[in-house]
Structures are given as C-alpha cells and as structure tokens.
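Please keep the sequence and the structure at hand while reading.

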Amino acid sequence: MTWPTIPKDETTRAAANLTDAVRAQFNWEDARAMLDGLPGGGLNIVHEALDRHVAAGHGDQVAIRWLSKDGDQRDITYAALATDAARFANVLTEHGLKPGARVYSLVGRVPELYAAALGTLKAGMTFTPLFAAFGPEPIKSRMEIGEGNVLVTTEALYRKKIAPWRKELASLRLVLILSDGNVPEDCVALRPAMDAAADSFETANTTPDDMALIHFTSGTTGKPKGAVHVHGAVVAHAATGRFALDLKPGDIYWCTADPGWVTGTSYGIIAPLVNRVTMIVDEAEFDLDRWYGILQNQGVQVWYTAPTAIRMLMRAGKDAAKPYDFSKLRFLASVGEPLNPEGVVWGQEVFGKPFHDNWWQTETGGIMIANTPEMDIHPGSMGKPLPGIEAGIVSAEDGAVRECNSGEIGELALRPGWPSMMRAYLNEQARYDKCFVGGWYLSGDLAMQDKDGYFWFVGRADDLIKSSGHLIGPFEVESALIEHEAVAEAAVIGIPDETAGEVVKAYVALNPGFEPSEALERDIRGLARKRLGAAVAPREIVFRKQLPKTRSGKIMRRLLKARELGLPEGDISTLEADEK
Ligand code: ATP
Ligand code: MG
C-alpha cells in the first residue's frame, strides 16, 4: 500500500519557524550569532540555556515542570534552575575538581539530575548521564572508559550497583548522594552541600571546541561507543530545536526520552532550554493513561517521543485516546527507530496531527534529517536534511566513495562540519577514523533518496538481508507486517538459506485480543506477500510476547539473529529484560 501524502496548509506553513526563505538563507555563522557567547569569544552551553534568559528578564518563567512518580508537581523557574546549577558547580569546585573533570549521573528523572548536568557544564567539566536501570557491570565499564571522577546517584543505587566495585576505580573521587542527610561512608549528601554552597558561579570560559558531554550509544549493533561532544554543539541544538521541533519561547514541550540517552539530553535538556520553552519532565515510566493525561492536563504543545512508545499507544487502540482533549498539541515528532507509516497516520487520526519522523544518532549530536512542520509528509520517510546539513546516499567500497542515484539504496552519509558532530569515540581512535571516508561521515545506516529529495530509511547496514539477488531492508517488511490488524510490532532478520543465500524470518508481537495460531501466521504471511511479493515476504513468522529491545526502545535484531544461529549474544548491557 502506498500511503497518501499528508499535505500542509498555508496557515501551518506560515506559522512554522522554518520557512523556505529561512531555509535558503541559513548558515551556521548566523545561527551562532543568534546566541550570546561569552565575553572574549567563548561559548558555554549553560550560559545560552539559562543565564542569558535570566539576564533578559525571563527568570520567572518555568523551565521545568517536574511530575513525580507519586503525582506531585513542582515548578522550577529559569532563575531557580540557574541558581541550582551554580550551587552544583560550586560543590564540585569546593571538592577540588577542576575544569575537564568527568561527572557521571546515575539517577532517574529527578530535578537534581538537571541541576547536575547544567552545573557540570557551567563549571567547564564533562557530563555523562547513565541510565539508572543499568546493572553494575555496564556502569563500571562506562565509568572506566570515561575515567569518571564524580558520580551523582541515590543511596539505593549506590549500595547495589557502585559500592561493590568503587575501590577498583581509582579516578572516582567524589560520590554525591541525593539525600538530605545520612549517606554511606565516603559519600557526600548532595542537598545539604548545595544548600551550603554559594548561589552564583562564574561560568567557565569554555571554547566551542571544549569537551562538554560524553554519550554512550545505544548498543543496538554491538558494544556501545562513547561519543565525545563539545560546547559548540549548542549552536546546532538551538537551530535544530527551532527548525525540526518548531520550539517557540514559552511553549509547553515534552520530550519523553531519558537523559541516559542522547535524545534526553540534546532535546530533553539543552535544545528546549536554549529555546526558552517550559519542559515537562515526568519521573515515571510509560503508562498509557498517565501519558494521555499529561498531554491533556499540561497542555503540551510540542511532543517528542519514539516509535516504541507510539506503537504501545497504538496497541491499546484508538478508543483509549477518546476521552482526552489534545487540542493544545501543535507538533508531534518521533525519533530513535524507523517510524512505520501506520504510526504517522495514526497520529493524524488520534491527535489530529501526524507524527514527524526525524533521524539522527548519538554521533551527530543533533537532528540531521527531519520532517519539519512546513513540509508535506510522505508517511514512512524520514524527511529532508535540515538547513546547514548536507546528506547523501553513497556506496563506499575499498576506500572509494560513489554517490548513488535517486532510488538507489546506499549508506546514509553526511558532510562533516556541523557544530554538534562528535569529536571522538572515547579511546577508539581507529573506529572513529573509519567513519570518515572520501569527505563524508558514514552513518552505518542504509537509506535511499527519492526524486523529491525525501530520505527513506532501509535498515542498519548490519541488518540488510540479501535474498536471491534482492536487497531487503527490514523496515519495509516490518511496516507491511504491522499493517495486519493482529500485529503490534515486528522484527525481521535474514537467515542463511542454501538456494537463496538468505531468507526473511519475522518475529511478531500481537495486539490484545489475538492469539498465536497457524491460521494467523498464514494470514499475516498472505498479507505480506500481497504487499511485498513472494521474494521479499517472510518465509517464516514466529510469535513473541515481546521483542528484545534496548532500554532506549530499539529492537535488537542482531540478538534475534544470534539466537537463531546459535552464535554468542555479544554485548547486551543495554538490553531490557526479554524472553528468549
Ligand atoms: P549502536 O551504535 O551502539 O549500535 P544505536 O545506533 O542504536 O547503537 P543511537 O545513536 O542511540 O545508538 O541510535 C542511532 C540509530 O538509531 C541510527 O543510526 C538509526 O539506525 C536509528 N534511528 C534513529 N532515528 C531513526 C529514524 N528516524 N529512522 C530510522 N532509524 C533511526
Ligand atoms: Mg549507532
């Protein structure tokens, strides 16, 4: 089925931050000039995210509306957040830490996490947020790679996940515990330390090239890499927040990602604050009624979420959304995995707005390719490169790079030079160098570009299936499978076959009200054959209650394949609990 284009009307186009004229004139120097900068030419993320807004008289605006797990609500203004960041920076320096020190966090989405992130950057130190659900080993290895000096965590997490190995990490000098009082030995209680600290701090005079953040990749394809990002990235966060997410000062904005992943920092802390919105931070995990309730009751205008969450909403059916009023929603965006066309259209039906898919990676630091608000949407497409981004589809073999024709599948590549580009894979120079070939940064993803300039995701290079001379991208097959009324989620891999080279095998999770059966398998295969043809449709479909995913919600196809072939599972440090 080809999905009809979703056109945008003139009013929507005119109201968008990104217009044709803006696109035509854009350059990174002008984008940089829209920020303040520090006296003397420096650039610091926190000055742009907080201090300049306070100086301009917006200190009373709510920066974070925090929704606790228990149903409490706390508003933190720009002025209060700036003060907390300053206090946190003072705590660090009072403990002898110097610019360049490495600060890690291992906490849920609580207000102190945001103060810690911003305070660290203000002090010219490097911040690395970890996902609180990681086990002790993944935490330890990430802190070893980054030579962490400081850790912000809770007492429970400390006792369970850090204390057993703390002495082995010589670089770790300070553990700050989110507590008002007693803490374990060799730890410092954060709140009293912040209360005792001075409430102002002179922002470190960082340069655009100074290290700001280390983010670990999701580990979907293998061992996670530590991508190094710099303060200059704030220029890209400002511009992409404005153009790809349509953020306007004062908007109510909700990014559902945890800061343990790059989306939750770039677009869950930096871009929204730099664009002076009020951001919703929800401490709790996904819950259908809670999420619908937040969208309605908080009057969310811009919502940035992920396909895995969208599919969970879809699984519950449209009726579950009926009692809610979503009339404040202006813009819906999705990232992290390919968004099936069905999901885009579902947004239109339930929220009155389509989801706008966009593409980027930990390595790119910010959104690169997007369906922006003024663009007509072709469901299933990732959109077009943002202003200032040159993207291409290339074929790279033996060090030579050839640009592909439109409609041809190749590797998605970007011309290096945008401000939020990673500057290194920590301690993995050779791996980093390998990403750059023939003047391009190679993403490791396969895609194609159509005649109108839209980019279409095909699959990760590792996941491509070669069957009887066809190149099959898992995304296309998965999207066809979830068109079946019984299918909630699908993952597709290639398994070896003597005659075809590889054949397609699919794993599917069913919607409520459907039970696995041979008849259902036949029916789903029948639909896939009709949509895709016999050569591309899955040869075999197996039913699973859930599919293996990273904690950031990405389907781990490599794990299904390893299990299928009886191969080692590899690094599974980011895997959510799953069934084999
Ligand atoms: P690792 O590199 O450790 O295997 P990862 O690539 O999943 O993990 P991230 O940087 O968090 O780590 O994810 C970026 C990847 O997610 C992209 O390279 C792409 O494969 C996928 N992705 C992100 N957004 C989209 C999108 N809109 N459409 C399709 N794929 C996407
Ligand atoms: Mg990756």
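## A strand pair, a ligand shell and the cysteines

In this model, which is predicted, Gly 494 stands opposite Val 504, a residue of strand β27. Strands β26 and β27 (residues 501-510) run antiparallel to each other and are paired over 10 bridges, and the two form a hairpin in which 3 residues lie between them. Strand β26 covers residues 487-497, and because 9 of its 11 residues are buried, this strand is largely enclosed by the rest of the structure.

Attention now turns to the ligand. Around ligand 1 there are 23 residues, and those that come nearest are Thr 217, Thr 220, Thr 221, Asn 358 and Thr 362. By class, the shell around ligand 1 is made up of 6 nonpolar, 10 polar and 7 charged residues. Strands β14 (355-359) and β23 (455-460) each contribute at least two residues to this shell, and β14 gives the most, with 3 residues.

| Protein residue | Part of the residue | Atom of ligand 1 | Distance |
|---|---|---|---|
| Thr 220 | N or O atom in the side chain | oxygen | 2.5 Å |
| Lys 225 | polar side-chain atom | oxygen | 2.9 Å |
| Glu 337 | polar backbone atom | nitrogen | 3.5 Å |

Thr 220, whose side chain places an N or O atom 2.5 Å from an oxygen atom of ligand 1, is also among the residues that come nearest to the ligand. How much of the area that ligand 1 exposes when taken alone does the protein bury? Taken alone, ligand 1 exposes 640 Å², and the protein buries 95% of that area.

How many disulfides does the structure hold? The structure holds 0 disulfides. Cys 435, for its part, is in no disulfide, and the nearest cysteine sulfur, which belongs to Cys 404, is 18 Å away.

Is Cys 435 buried or exposed? Cys 435 has a relative accessible area of 10%, and because buried means under 20%, this residue counts as buried. Cys 255 is likewise buried, with a relative accessible area of 9%.

How values were computed:
Residues numbered from 1 in each chain as written. Chains lettered and ligands numbered in written order. Predicted model: local features only at pLDDT ≥ 70, side-chain atom pairs only at ≥ 80, totals over all residues. Heavy atoms only, no water. Near = heavy atom within 4 Å. Polar contact = N/O pair within 3.5 Å; in protein donor to acceptor, adjacent residues only side chain to side chain. Areas by Shrake-Rupley, 256 points an atom, 1.4 Å probe, with all protein chains shown as cover. Helix = DSSP H or I, 4+ residues; strand = E, 2+ residues; numbered from the N terminus. Nonpolar A, V, L, I, M, F, W, Y, C, P; charged D, E, K, R; others polar. Buried < 20%, exposed > 50% of the residue type's maximum accessible area, 1.4 Å probe, protein only. Pairing = 2+ DSSP bridges. Disulfide = S-S within 2.5 Å.
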